[in-house]
Amino acid sequence: MKISYQEFLKRMERKKVSEIYLFAGEEEFLKREALDKLIRYLISPPHRHFDLDILHASRSNTLEIMNKAFTFPVASERRLVIVYDVDKLTPSDKQLLLTHLKGLPDSTCLVLLSAKLDKRKKFYIDLEKSATVVEFHQL
């Protein structure tokens, strides 16, 4: 499902948080703002060390991402795993990620970020079926 940044904010106000998000687009300021709101909503400051993981796909692989995503939260209701530059995963890691998304625990919120993701590619098409896609267009 695709939604706008404004719709994302409305859903946050109604306390509706998806299990998987894809933050797509080049508007970095609004992406950071959305992430900050999500972090503040899901994880209180003293628990962020335990229940918030921030990874970069260029320095991680799917196994590491999934290990974090399948770990249950320690002190919060939900665990938040943020993965920057998901488009930089290798093709095999992208396929492995798609395979594991279906079994993600309800206690995890996984946020994948990408500035430039080819919407014609299988990875994006399949990811769109599992994730709530929030589009961040240049202001």
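Select Arg-14, which is partly exposed with a relative accessible area of 47% (buried means under 20% relative accessible area, exposed over 50%, and partly exposed in between, with a 1.4 Å probe and protein chains only). Glu-7 and Arg-14 form a salt bridge whose closest N and O atoms are 3.5 Å apart; a salt bridge is a side-chain nitrogen of Lys or Arg within 4 Å of a carboxyl oxygen of Asp or Glu. The structure holds 12 salt bridges.

The model is predicted: local features need pLDDT of at least 70, side-chain atom pairs count only at pLDDT 80 or more, and totals for chains, interfaces and linings use all residues. Residues are numbered from 1 along each chain as its sequence is written, and side-chain values use heavy atoms, with hydrogens and water left out.

Next, select Asp-53 and Arg-79, whose side chains meet in a salt bridge at 2.9 Å, N to O. Asp-53 belongs to strand β3 and Arg-79 to strand β4, so the pair ties together parts that are 26 residues apart in sequence. Asp-53 counts as buried at 12% relative accessibility, and Arg-79 counts as buried at 6%. Helices (H or I, at least four residues) and strands (E, at least two) are DSSP runs, numbered from the N terminus.

Now display the sheet. Its 6 strands form an open sheet with parallel pairing, in the order β1-β6-β2-β5-β4-β3; two strands pair if DSSP finds at least two bridges between them. At the edges stand β1 (2-4) and β3 (52-56), each with a single partner strand, so one side of each is left without a neighbour in the sheet. Within the sheet, strand β2 (residues 20-24) is joined to strand β5 (residues 108-114) by 5 bridges. Tyr-21 has Val-111 in β5 as its bridge partner.

Move to Arg-78, in the loop between α4 (62-69) and β4 (79-84). Which side chain of opposite charge is nearest to Arg-78? Glu-19 is, at 5.7 Å, and Arg-78 is buried yet has no salt bridge; Lys and Arg count as positive and Asp and Glu as negative, while His and the chain ends are not counted. The side chain of Arg-78 reaches the backbone oxygen of Asp-106 at 3.2 Å, and one of its polar atoms lies 3.3 Å from the backbone oxygen of Thr-108.

Finally, select Arg-120 and Asp-118, whose side chains meet in a salt bridge at 3.0 Å, N to O. Arg-120 counts as exposed at 69% relative accessibility, whereas Asp-118 is partly exposed at 29%.

Terms used
A polar contact is a pair of N or O atoms within 3.5 Å; within protein, one must be able to donate a hydrogen and the other to accept it, and residues adjacent in sequence count only if both atoms are side-chain atoms.
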